[in-house]
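Please look over the two-chain model shown below.

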Amino acid sequence: MPGDQPIIQIKNISKYFDDFQALKNVSLDVGLGERVVVCGPSGSGKSTLIRCINRLEAHEAGEIIVDGVTLTDSREALDKIRGNVGMVFQQFNLFPHLTVLDNLTLGPKRVLRLSQAEAEVRAMKYLERVQIPDQAQKYPRQLSGGQQQRVAIARSLCMEPRILLFDEPTSALDPEMIAEVLEVMTELASTGMTMVVVTHEMGFARKVADKMVFMDKGEIVETGSPEQFFTAPTSQRCRTFLDQILNH
Amino acid sequence: MKRFAIFGILLGLLSGCSGNWGWYVVDPTTEGGMNNLRFMLTGAYYTILLSVTAIIASVIVGLLVALPGLSQKKSWRAVNRVYVEVVRAVPILVLILWVYYGLPTLTGITLSVFWAGVFALALSDSAFQAEIFRAGIQSISKGQYEAAKSISLNYRDTMRYVILPQAIRRILPALGNQLVYMLKMSSLVSVIGMQELTRKANELVVSEYRPLEIYTILVLEYLALILIVSAGVRWLERRMNATEV
């Protein structure tokens, strides 16, 4: 059963941007192999929350423990945690001066110390997984948005993380490209990867999520299984949000 | 090529318009003129060597000075600011004189004319390079750093493989500018006796008393050098942009 032993434990964290409190005393457990979808209106703190998990943002109060390691600024803790946690960004953030293949092999070569040949074998394996092995020699700019995001997912996978964070992975895509990215993510979910996904794609959420998290104004307002979440949300704020997003 | 032809024609016209011109001093068809030309051109060796050595040093120092300027820590940024403001405030000619005549008294180490020139030029230019690098690095989006962090790259690898290759493409035109500037400023090292283009011209003027003709040739020498450099930088820009599509 996924969810038996939390691989991510977030305990009462708070985060401020100057005077604005982006996260208010947020707690969340994510079990090994669990798929958690975080949703909520913009500015609710959902991106900030997952960016705290690999310390792209530093939380000011509370504690985050990833796979037994407490997240601090120490190099050692950061290396351990980032080694375990991959991230896919809204804007892809591919390295524009490198080919697709070089984007994928950079981490394995420099961080995991694989040889060029080993890194390439691994890169091709994950490019096939995201179904674009034929684009290996191209530069990111020569690819469509959907293809770029799939390359970004493959780049994360090349580090063989145990946890993948997705920060609105389809929000920058044209509608016709959303499906190809969601398809790859669904396939990933079926392999047992632990995933925390910030998204507005409720169809995807319904299909793959083990747990739904609804955030508003820096707080987790509601968590629950998808059935319960979509059919009988308990809070008014969550009901209003679902109405807006499902019936537009 | 066209440009050179135009200057050739201009020169011809100028020489024809007044009896006061004495092109014989640099007339390659006479033995004396040819010797004078050869004498002047030998200065190119030191002009180029001096400029290239100084620009390499100043790029390295400039980058090393730029990095603390990007730090989160105020004290590191202060180091960058003080260096840039102080070094940038000293006129190059003053710096050359200070390094060549002043520094030995202070340190007990006497630099040769060449190394004193390299030191002064590189030092002066490094403050500008530091600002160019800082601007270039700051122009790279935050997402690139975040992507690098997310695959666990350390600071050095992030700079080396992700940030600097992109920043250098963007600052290439500015680096080209500095190289041109350096070639011109190297003429100032003639004051401490460096046998570069300007010094050679000065020496010839003293013996031949034909400043107009000799300095005109000097101008053309710098022009030729700098046009070559410009073409080189543009070629490099095209080549590097080609990989970005």
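## Basis

This is a predicted model, in which local features need pLDDT of at least 70 and side-chain atom pairs count only at pLDDT 80 or more, while totals for chains, interfaces and linings use all residues. Residues are numbered from 1 along each chain as its sequence is written, chains are lettered from A and ligands numbered from 1 in the order in which they are written, and side-chain values use heavy atoms, with hydrogens and water left out.

Helices (H or I, at least four residues) and strands (E, at least two) are DSSP runs numbered from the N terminus. Two strands pair if DSSP finds at least two bridges between them.

## The four-stranded sheet of chain A

Chain A has an open sheet of four strands in the order 2-1-4-5, with antiparallel pairing. Strand 2 (20-31) and strand 5 (69-70) of chain A stand at the edges with a single partner strand each, so one side of each has no neighbour in the sheet. Strand 1 (residues 6-17) of chain A is joined to strand 2 of chain A by eight bridges; within this pairing, I13(A) has V26(A) as its bridge partner. Two residues lie between the strands in the hairpin of strand 1 and strand 2 of chain A, where D18(A) takes a positive phi near 50°.

Strand 1 of chain A also pairs with strand 4 of chain A, in the antiparallel sense over five bridges. Here I8(A) is partnered by V66(A), and Q9(A) by I65(A). V66(A) also stands opposite V69(A) in strand 5 of chain A. Strand 4 and strand 5 of chain A are joined over two bridges, again antiparallel, and they form a hairpin with two residues between them, in which the turn residue D67(A) has a positive phi of about 50°.

Helix 1 (residues 46-53) of chain A lies across strand 1, strand 2 and strand 4 (61-66) of chain A, at about 120° to strand 1 of chain A. Angles run from 0 to 180 degrees between N-to-C directions, with axes fitted to C-alpha atoms and, for helices, over the stretch in contact; contact means heavy atoms within 4.5 Å.

## The six-stranded sheet of chain A

Another open sheet of chain A has six strands in the order 6-7-8-3-9-10, with mixed pairing. Its edge strands are strand 6 and strand 10 (219-224) of chain A, each pairing on one side only. Direction ignored, neighbouring strands of this sheet are turned by 20° against each other on average. Strand 3 (residues 35-39) and strand 9 (residues 211-216) of chain A run parallel and share four bridges, and C39(A) has F214(A) as its bridge partner in strand 9 of chain A.

Helix 9 (residues 236-246) of chain A packs on the sheet and touches strand 3, strand 9 and strand 10 of chain A, its direction making about 100° with that of strand 9 of chain A. Helix 2 of chain A lies across strand 6 and strand 7 (163-167) of chain A, at about 60° to strand 6 of chain A.

## Chain B

Chain B has ten helices and zero strands. Its C-alpha trace spans about 75 × 50 × 25 Å along the principal axes.

## Contact between the chains

In the contact between the chains, 25 residues of chain A meet 21 residues of chain B. The buried area is about 2100 Å², of which carbon and sulfur atoms give 56%; buried area is the accessible area (1.4 Å probe) that two parts lose on being put together, summed over both.

Two salt bridges are counted between chain A and chain B, a salt bridge being a side-chain nitrogen of Lys or Arg within 4 Å of a carboxyl oxygen of Asp or Glu. D157(B) forms a salt bridge with R110(A), with the closest N and O atoms 3.2 Å apart. Helix 2 (75-84), strand 6 (85-88) and helix 3 (100-110) of chain A each supply at least two residues of the side of chain A that touches chain B. By class, that side of chain A has twelve nonpolar, seven polar and six charged residues. In this classing, Ala, Val, Leu, Ile, Met, Phe, Trp, Tyr, Cys and Pro count as nonpolar, Asp, Glu, Lys and Arg as charged, and the others, Gly among them, as polar.
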